[in-house]
Amino acid sequence: MSGSPSPIIRRAEPEDAAIILRWRLEPSTSHFQPLRPRTVDELRTRLQQRRSEPLDTTLDSEVQWTILDNGIPAGWVRLEVTSREHRVGSVGYTVATAHRGRGLATAALHEVARLALDPHGLDLWRLEANVASANLASRRVLAKAGFVHEGHARGLVVIAGARVDHERYALLRSDLFSHD
Ligand SMILES: CC(C)(COP(=O)(O)OP(=O)(O)OC[C@H]1O[C@@H](n2cnc3c(N)ncnc32)[C@H](O)[C@@H]1OP(=O)(O)O)[C@@H](O)C(=O)NCCC(=O)NCCS
C-alpha cells in the first residue's frame, strides 16, 4: 500500500447534490449561512456543467469542491469569481456536524486558496470571505488558513430576518506565494 495521504478536496460531482443540500439545511449551518434555496435538480445541473473540466480562468465563475474525510464526503467549499477584471473571488464553506473539529475546513480552505491564487490555477489575486461576527469557529478557520482580518461590516447580511454584523477577511496572492 502506498503511504500517500488521501486528498482533502475533489471537484464536486452531480452525485453530491443531495448530500450538499442536506448539509446546507443543517441548523448550525443555516444559522450562519443564509444560502439561496436550491432544489437537488438545480444543484445537480450546475455541478454537471463543468464536472470534469480543468479549472479555466475564462470559463469558471463558480467552482465547488467536496471536502473529504478519509475519502468520505464531509463538506463543501464554494468559490465565486466576483470580478475577473480585478481577479477577485469569494469563498464559503461548510463541514457537516459529524466531521467538525478535526481541521478539515482549514485544510480544505488552504487547498482551495492555492488553486484560486495560483497563476496556473484560477489566477486570482485576492480571495475574500465574510463571516458572521459571532461565528468564532469560522473566524478561527480563516485565521489558521492565513486570511487577514480587514474590517467589520455592520449589518452586512440578513439572517432569519435580522441584519447581522460580519467580519471581512482576505488572502492575497502575495500572502501565499513569495513571488507575484
Ligand atoms: C466553521 C466550520 C466550517 C469549521 O469546520 P471544522 O472542520 O470544524 O474547522 P477546523 O477543525 O479546521 O477548525 C475549527 C477551529 O475553530 C475552533 N472552534 C470551534 N468552535 C469554536 C467556538 N465556539 N469558539 C471558538 N473557537 C471554536 C476549533 O477549536 C478549531 O480551532 P483550533 O484548531 O485552534 O482548535 C464548521 O463549524 C461549519 O461548517 N459551521 C457551519 C457553517 C459555517 O459557519 N460556515 C462558514 C460560513 S463563513
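I began with a term: a polar contact is a pair of N or O atoms within 3.5 Å; within protein, one must be able to donate a hydrogen and the other to accept it, and residues adjacent in sequence count only if both atoms are side-chain atoms. I noted that this is a predicted model, where local features need pLDDT of at least 70, side-chain atom pairs count only at pLDDT 80 or more, and totals for chains, interfaces and linings use all residues. Residues are numbered from 1 along each chain as its sequence is written, and side-chain values use heavy atoms, with hydrogens and water left out.

**Entry 1: contacts.** I looked up R100 and found a polar atom of its side chain 3.4 Å from a ligand oxygen. For R140, a side-chain N or O atom is 2.7 Å from an oxygen atom of the ligand. G103 uses its backbone instead: a polar atom there is 2.7 Å from a ligand oxygen. Taken alone, the ligand exposes 960 Å², and the protein buries 71% of that (Shrake-Rupley method, 1.4 Å probe).

Entry 2: The ligand takes up the space of the largest pocket (more than half of its atoms lie within 2 Å of the grid points). A pocket is an open set of points on a 1 Å grid over the protein atoms alone, where a 1.4 Å probe fits, with protein on both sides within 12 Å along at least five of seven lines; lining residues have an atom within 4 Å of a point. I counted 39 lining residues, with Q33, G92, Y93, T94 and S138 nearest the centre.
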